[in-house]
Amino acid sequence: MLVNTKAILQHAQQKKYAVAAFNVYNLETVQAAIRVAEQENQPVIIALGERYFPTVDVEGFSAFVKTLAEKSSVPVALHLDHAYEKESIIRAIRCGFTSVMFDGSSYDLEENIRRTKEIVEIAHMVGVSVEAEIGSLAKGDFSDEEEGDGTLTNPKSAKDFVDATGVDFLAAAIGTVHGMYKGEPKIDLPLLERIQQAVDVPLVLHGGSGTPDLIIKQAIQLGICKVNVNTEVSMAAVSYLQNYFEDKQMAHLSTVMAEMQKSMEPVMTKFVRLFANK
């Protein structure tokens, strides 16, 4: 069933678990994410980044996801990830996304508040929930995200931001990175605890790939309700393709894509179980 992302995360917040938000790029990644969620009987968030708009027909993609969601036995949300342009957000809202993320983290706090508040007002008029970000993530290995400066979230700024904008959930920067870590992860869990104490909305952790399981479990107990996963799933698929074509000179595309989908599912299953405290 297709549901509002806010409803999924509020339940996760109450029960102290987290929901996987898998970044997807095509039919196979969507099908893998929903298949795994059904097998594990857990909700899932299908996330499409604004940076994929040039290669993905957004309206067609939304119709496809909504059709699969309506057939699914578990709650499925459709989320716009890391959007910087108001036009992209309006486009996503119009074609049925159940939540959007406006990323104003490159602006100073006052401007981020102003721009995010405008997005919240637009989205809330039609029942769409909004994620925003304070601080930013640095870029690790094998990521296609934009480079951030790694500024950590200030708890007081987080409170002021949530109070002023009415945002539904907040991405907190506590030391994770987009992609895989280039060295030892340095995750500031005491900072996350202070952020949790400062705001009452569900918190989001970007950069789930490569983050140690124990850190993720502790972060969930400290208010993380949504964890974004991108790079590890991508690496599993690309590794499968590399190995496949080392052994075979030619194959039918339908076979390759079906097997590629299967290669992603164990990675997704690992994350869904971890976030659900299974």
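This is a predicted model: local features need pLDDT of at least 70, side-chain atom pairs count only at pLDDT 80 or more; totals for chains, interfaces and linings use all residues.
**Entry 1: helix α4.** I began with helix α4, which spans residues 86-94, and asked which of its residues are buried. I found Ser88, Ile89, Ala92 and Ile93. Viewed down the axis of α4, these buried residues fall within an arc of 135 degrees, so they line one face of the helix. On the other side of α4, I noted Glu87 and Arg94 as exposed. I then looked up what covers the buried residues; the cover includes β3 (76-83), β4 (99-102) and α5 (109-124). After α4 comes Gly96, with a positive phi near 105 degrees.

Entry 2: How many salt bridges does the structure hold? I recorded twelve. In one of them, Arg91 meets Glu59 at 2.9 Å, N to O. Arg91 belongs to α4 and Glu59 to α3 (residues 58-71), so the pair ties together parts that are 32 residues apart in sequence. Arg91 is partly exposed at 31% relative accessible area, and Glu59 is partly exposed at 36%.

I next looked up Lys270 and Glu232, whose side chains form a salt bridge at 2.9 Å, N to O. Lys270 lies in α10 (residues 253-275) and Glu232 in α9 (residues 231-247), so this pair ties together parts 38 residues apart in sequence. Lys270 is partly exposed, at 37%, whereas Glu232 is buried, at 17%.

Entry 3: Glu259 and Lys262 form a salt bridge at 3.7 Å, N to O. Both lie in α10, three residues apart, about one turn of the helix.

Terms used. Residues are numbered from 1 along each chain as its sequence is written. Side-chain values use heavy atoms; hydrogens and water are left out. Buried means under 20% relative accessible area, exposed over 50%, partly exposed in between (1.4 Å probe, protein chains only). Helices (H or I, at least four residues) and strands (E, at least two) are DSSP runs, numbered from the N terminus. The arc is that of the directions from the helix axis to the C-beta atoms. Contact means heavy atoms within 4.5 Å. A salt bridge is a side-chain nitrogen of Lys or Arg within 4 Å of a carboxyl oxygen of Asp or Glu.
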